[in-house]
Amino acid sequence: MNKPIWKLPRYKVLRNIITQDIAVGKYPPGSELPSTRELCGMYHVSHNTVELAISLLAGEKLIRRRRGCRAKVLAPHKKSNLWIAIVDNNPEGDILSDYQESPWQWTISNEITCGLLRSGNVALQLSLCGSWMEHLSKVDGIVIVKSNAVASKLQNLNDYGLPEIPCVFIDPRSVPAAENTIKLDYSSACRQIATYFLVNGVEHFLVHDIIDSDWDCDTEYCRFQEFYRTLAENSVPESSIHKLHMLDSVTSDEQLLAVIEEKLKSLSGRIGVLWSRDIIAAKVCKMAASCGRTLKKDLFVAGISGLPELYSTTPALSSIKVPFADIAGECLNMLYDMIGKKIEKMPGRVYNLKFCPRDT
């Protein structure tokens, strides 16, 4: 067997592989999984990796294990055998997308995948960068994880001749709530971040969102509208707001971080950084000392991905709280209702996100 691509801890990847095999019937209810030694040989992993994966599966009630016996597959909690496509804008198009490239989309897609597999369903992770439509002939439902890039490519499923397939959208953009949509509302969090910067005496605001130009900051797709509005209400001059986006001469995170570094060295007074990705925002925290800045004194950094502190690698980074598991569960419940009741429309749901400042 070919070695899997390990972009997660190996035991989690192995857990996902075995769960997918259970979902598609390779290991039906009542059957036994291969032995620990066989799994080690099949996937070129250690005994400890297999034990951790098996423990996860047992904890999720997918298998039953007894000392001295092979693990036995249990009947799924919800026997429906649905095939659900998860469509996002993963640039690689792999079943395991690169966490560094798209951590927010990866996190929510992974939560949905795990929810599907725990229910005995099949999860198809597809990318708009690939030939995703070719795989939809057999699916029972679709989840579309929207970003600005996805929205620009997929305005309406009817354009693709797919109106009969139940579909739920997860949308982090600042647009009104819509049917069949789980919307993430950043308005409150952005107002809180702006206030947090202001009460700490921030004089310069460095802002980066995943958008293409300054023009996009004024559109309905910008998550940071309330951040800018709060600054304007407090008479912050436009010259103090530095919008940092991917320009023609800045095409990578490394180049953009170099621009940030230069601004941290050249701007006088306290600086607040609002970044679209927590992992990159954490790198700004790390460069503080080399730029003559002290975190929480004259440099304040906030990310908006809502990723756990574990992944941002620094407790100095403030962020927002995104209930990924709750969102995934709500999304799947909505989709199951649409499939089971054979209806095309469901009321949308809005999650109002909150800012969570962290202390070092």
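Q: Let's start with one spot in the sheet: which residue in β4 does Ile84 stand opposite?
A: This is a predicted model, in which local features need pLDDT of at least 70, side-chain atom pairs count only at pLDDT 80 or more, and totals for chains, interfaces and linings use all residues. Residues are numbered from 1 along each chain as its sequence is written, and side-chain values use heavy atoms, with hydrogens and water left out. Strand β3 (residues 83-88) and strand β4 (residues 122-127) run parallel and are joined by six bridges; strands here are DSSP runs of E, at least two residues, and helices are runs of H or I, at least four, numbered from the N terminus. Opposite Ile84 stands Ala123.

Q: Which residue in β5 stands opposite Ile86?
A: Strand β3 also runs parallel to strand β5 (residues 141-145), with four bridges between them. Two strands pair if DSSP finds at least two bridges between them. In β5, the residue opposite Ile86 is Val143.

Q: How many of the six residues of strand β3 are buried?
A: Buried means under 20% relative accessible area, exposed means over 50%, and partly exposed lies in between, using a 1.4 Å probe and protein chains only. Strand β3 is largely enclosed by the rest of the structure, because the number of its buried residues is five.

Q: What share of the protein chain counts as buried?
A: The protein chain has 11 helices and 14 strands. One of these helices, α9 (residues 278-286), is mostly covered, with seven of its nine residues buried; among them are Asp278, Ile279 and Cys285. Of the 360 residues of the protein chain, the buried share is 53%.

Q: In the open sheet of four strands, what is the strand order?
A: Strand β8 (residues 204-208) and strand β10 (residues 271-275) pair in the parallel sense over five bridges, and His204 stands opposite Ile271 in β10. The pairing in this open sheet is parallel, and the order is β9-β8-β10-β11.

Q: Which strands stand at the edges of the sheet?
A: An edge strand here has a single partner, so one side of it is left without a neighbour in the sheet. The two edge strands are β9 (241-243) and β11 (299-303).

Q: Which aromatic residues do ring pairs link into a cluster?
A: Rings of Phe, Tyr and Trp (its six-membered ring) pair if their centres lie within 6.5 Å; planes under 30 degrees apart count as stacked, over 60 as edge-to-face and the rest as tilted. Phe197 and Phe205 are a tilted pair, because their centres are 6.3 Å apart and their planes stand at 45°. Phe227 and Tyr228 are edge-to-face, 5.9 Å centre to centre with 75° between the planes, and both are buried. The cluster consists of Tyr196, Phe197, Phe205, Phe227, Tyr228, Phe300 and Phe355.

Q: Which helix has the lowest mean pLDDT among the elements of the protein chain?
A: The term pLDDT is the predictor's confidence in each residue, from 0 to 100, and its mean for the protein chain is 80. Where pLDDT is low, the predicted coordinates should not be read in detail. The highest mean, 94, belongs to helix α6 (residues 187-199), while the lowest, 52, belongs to helix α5.

Q: How many contacts beyond four places in sequence does the model have for residues 92-101?
A: Contact means heavy atoms within 4.5 Å. Over residues 92-101 the pLDDT stays under 50, and the number of such contacts is 24.
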